[in-house]
Amino acid sequence: MGLFFGLLLLPMLVAGTALAWQLVARQQRPSALLNEERLGERAEPIQPFDPNQGAILPRYRVVAFYGIPGAPATGPAYQLSTQMLARLQAQGAVYARLDPTHPVKLAIDLVASVPDRYPGPEQTYSHHLDPTTIEAYIRFCQQHNLLLFLDLSFGQAPVMQELRFFLPYLEHYSFVELAIDPEWMFPRHNGIPGVNLSNVRASDLNPVIETLAALPMQYHVPRKILVIHQYRGDGDGLKNPYDASMAEFADKRNLLYDPRVDVVIHVDSVGGYRGDQQDKIRQYRMWVEEDMQKYHNFRYGGFKLFYHIEARTLMTPAQVLALQPPPMVISYGN
């Protein structure tokens, strides 16, 4: 994504300042007992909530279109239209035909926390999409039975403060999932998106995993997906794992495993040059296949492709599914 960062940061994207909407009030849980004096018998017991019920992974494969609203260079989901939806449906159908054992669930990967080169009013080098735009994407996904990934880039914003801003969407909507882009995360205020390379630690990400793990039982929503984009390598085994020029993740081995969250390590590198397919296949092997076996702290792999940047070298769906293990979240940018 670094190759087209300048196109990501379009001035038309305005910072959202507050979550200016009220979530629909939840229905109260029915009482476990009927009026025994009136009916003279105990009602059927309420079944315990099962967070696996309705969970997307591992039953489905997710095929998503990525985008920042108003920024065509970022991905096909930069605007909502029937044409975009038809294209997404056609792309998903190819994967469904290749692997009928995993029905395809279509999705939009929406960059909701946008990285900036300038500090902005909050001095975070990032801004939120305005609530009206987020609501438009929510309504579109509801109408067309799509998942919606809220993709957070953070900049220098405190990780949990940023997550708390978007939590109401995750709590209220069963089809809203989360993605994190560590490439643009600087929780120690030691870099600027698009200028410096990032280096994040498991301690930066584990509170997010813990928070998502608590949502199903608290709000009776299915188990959430957490996509963690990986653009560069791991620090494990390096002399200095905190060297941002060498590693994006300092200590990937310390990522928390919690079965109540479906963590996906999503290979996010950009091709478009001779030999890029071999590079991306090698990265998936190292960052997903090998790390999954070494660390046992995530269960699924993901993979990103770029329609325009990789136009001459774009991997086919059959090539993508030949990766081991086959990616369960596949996204397309431009």
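These legends describe close-up views of a predicted model.

**View 1. A salt bridge between Lys252 and Asp291.** The side chains of these two residues meet at 2.8 Å, N to O. Lys252 sits in the loop between strand S6 (224-230) and strand S7 (261-267). Asp291 belongs to helix H7 (residues 276-295). A search of the whole structure finds twelve salt bridges, one of them the Lys252–Asp291 pair.

**View 2. Lys294 and Asp291 within helix H7.** Their side chains form a salt bridge of 3.4 Å, N to O. The two residues are three apart, about one turn of the helix. Is Lys294 buried or exposed? Lys294 has a relative accessible area of 51%. Exposed means over 50%, so Lys294 counts as exposed. Asp291 has a relative accessible area of 1%. Buried means under 20%, so Asp291 counts as buried. Salt bridges that share partners join Asp234, Lys252, Asp291 and Lys294 into one network.

**View 3. A salt bridge between Arg285 and Glu290.** The side chains meet at 3.7 Å, N to O. Side chains of opposite charge can pair when their charged atoms come close. Glu290 has a relative accessible area of 34%.

**View 4. His127 and its polar contact with Asp116.** His127 is found in strand S3 (residues 126-128). Its side chain makes a polar contact of 2.9 Å with the side chain of Asp116. Why does His127 count as buried? Its relative accessibility is 6%. The limit for buried is under 20%, so His127 qualifies.

**View 5. Thr133 in helix H4.** The helix spans residues 131-144. Which side chain does the side chain of Thr133 contact? The partner is Asp130, in a polar contact of 2.8 Å between the two side chains. Ala112 is 21 residues from Thr133 along the chain. The C-alpha atoms of Thr133 and Ala112 are separated by 9.3 Å.

Technical notes
Residues numbered from 1 in each chain as written. Predicted model: local features only at pLDDT ≥ 70, side-chain atom pairs only at ≥ 80, totals over all residues. Heavy atoms only, no water. Helix = DSSP H or I, 4+ residues; strand = E, 2+ residues; numbered from the N terminus. Polar contact = N/O pair within 3.5 Å; in protein donor to acceptor, adjacent residues only side chain to side chain. Salt bridge = Lys/Arg side-chain N within 4 Å of Asp/Glu carboxyl O. Buried < 20%, exposed > 50% of the residue type's maximum accessible area, 1.4 Å probe, protein only.
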